[in-house]
Amino acid sequence: MNAVPQTPTWPLGMPPSLPLDRRGRPLRDLRLSVIEACNFRCGYCMPADQVPDDYGLDSASRLSFDEIETLVRGFARIGVNKLRLTGGEPLLRKRLPELIARLSAVPGIEDLALTTNGSLLAGQAEALHRAGLRRLTVSLDALDADLFRQMSGGRGEVSTVMAGIDAATRAGFHSLKINCVVQRGINENQVLPLVEHFRGSGHVLRFIEYMDVGTCNGWQRAQVVTSAELRDRIASRWPILPLDPNYRGEVATRYRFEDGAGEIGFVSSVSETFCGDCHRARVSADGHLYTCLFASEGTDLRGALARGETAFAGHLAGLWSRRVDRYSELRGEREAAKGRHVEMFLIGG
Ligand code: SAM
Ligand code: SF4
Ligand code: SF4
């Protein structure tokens, strides 16, 4: 087997063999979509009136497990140590635990996580944990049953997601991340009830600013509730104190409740920019590389993948070393704001 490059803990330094992009950023973090289909139709991501019900269910171009393993090995060789599986809805991918077992054994991958809407979690949590998955993020935008149903495009029940969270806890997942995208006038009133519910649970609730990803959600800045506003609202009810980041480039800013009831986080992708520390790449289920969440198009990796792990790693290093992306920093400027962006359900957040 080929030697795996040493990956000292960031930010101590990077061995010269690992590529840096044009802005000096290493590649550390891979978000990999395993399926482009989803059983929800959240309005901010995959609106029901824009995306047909059977979208992506029968994709012949989806990467196989063998291709995915080669891909992850290649990424690990050029510096990736964090891998997040996503979608679409990743729990719709058949035999997912088998894939997780293979990926958790890839040398260099120190942190394997998965993001899910939680609708199928109750039935799969145990198998996922047995396969080696240890970190789980569940998306949850409302506790109110009617609002939840409405926000999922009439597809989801909050009770099912809650049962999934309970099943995951019983299966051995500790400290889940619970992600809530807040939209002005839609689920703002769910923020305090969600905080109240998850305070003291051991799980970490994180509020995500509604982003201008994709083109089909009709995003408008007026719909964004900034992290600063949410922080103030929450802090006036339950005082909070800032925490240091867990690692450089962490996307969420962390706070702890003064009374010891745990932690919450805020992802301020619109109101604050963190492109300078962005060492993430994304790959769609059909094997396209996106070096920015807001990229308009991806690079097809399948040809390079077919040449095997070593050649693929070299190809990737070349692609990464040409990266210049910093969309958030440019968002205010007219040339960055217009044009097409890849849809979130294709690259998974
Ligand atoms: N289906 C899974 C889920 O919902 O957790 C995984 C894929 S989903 C695209 C990943 C994350 O992206 C979810 O937490 C979702 O809330 C978030 N997301 C989707 N569209 C978004 C948007 N426009 N702004 C902010 N977050 C968004
Ligand atoms: Fe599906 Fe997740 Fe997008 Fe909602 S956010 S439509 S659950 S992919
Ligand atoms: Fe990274 Fe692009 Fe987001 Fe900037 S806008 S943090 S480069 S994904």
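Mentor: Residues are numbered from 1 along each chain as its sequence is written, and chains are lettered from A and ligands numbered from 1 in the order in which they are written. Because the model is predicted, local features need pLDDT of at least 70 and side-chain atom pairs count only at pLDDT 80 or more, while totals for chains, interfaces and linings use all residues; side-chain values use heavy atoms, with hydrogens and water left out.

Trainee: Which residues does the UniProt annotation "binding site" cover?

Mentor: According to the unreviewed UniProt entry, they are Tyr 44, Gly 88, Ser 139 and Met 211. UniProt positions are given in the numbering used here, feature names are shortened, and annotations may be inferred rather than shown by experiment.

Trainee: Why does Gly 88 count as buried?

Mentor: Buried means under 20% relative accessible area, exposed over 50%, and partly exposed in between (1.4 Å probe, protein chains only). Gly 88 has 16% relative accessibility, so it counts as buried. Gly 88 is in the loop between strand E2 (82–86) and helix H2 (96–104); helices (H or I, at least four residues) and strands (E, at least two) are DSSP runs, numbered from the N terminus.

Trainee: What is Gly 88 in contact with, leaving aside its neighbours within four places in sequence?

Mentor: Contact means heavy atoms within 4.5 Å. With those neighbours left aside, the partners of Gly 88 are Ser 33, Ile 35, Glu 36, Ala 37, Cys 38 and Phe 345.

Trainee: Why is Ser 139 called partly exposed?

Mentor: Ser 139 has a relative accessible area of 25%, so it is partly exposed. Ser 139 belongs to strand E4 (residues 135–139).

Trainee: What makes E7 and E12 edge strands?

Mentor: Two strands pair if DSSP finds at least two bridges between them. The open sheet has twelve strands in the order E7-E8-E9-E6-E5-E4-E3-E2-E1-E10-E11-E12, with mixed pairing. Strand E7 (240–242) and strand E12 (299–300) each have a single partner strand, so one side of each lacks a neighbour in the sheet.

Trainee: How many bridges join E6 to E9?

Mentor: Four bridges join strand E6 (residues 204–209) to strand E9 (residues 263–267), and the two run parallel. Ile 208 is opposite Val 267 in E9.

Trainee: What makes Arg 62 and Glu 36 a salt bridge?

Mentor: A salt bridge is a side-chain nitrogen of Lys or Arg within 4 Å of a carboxyl oxygen of Asp or Glu. The closest N and O atoms of Arg 62 and Glu 36 are 2.9 Å apart, and the pair forms a salt bridge. Both residues lie in the loop between strand E1 (29–33) and helix H1 (65–77), so the pair ties together parts that are 26 residues apart in sequence. Arg 62 and Glu 36 are both buried.

Trainee: How many salt bridges does the count come to?

Mentor: The count comes to 25 salt bridges. Among them is Asp 66 with Arg 102, whose closest N and O atoms are 2.6 Å apart. That pair links helix H1 to helix H2, 36 residues apart.
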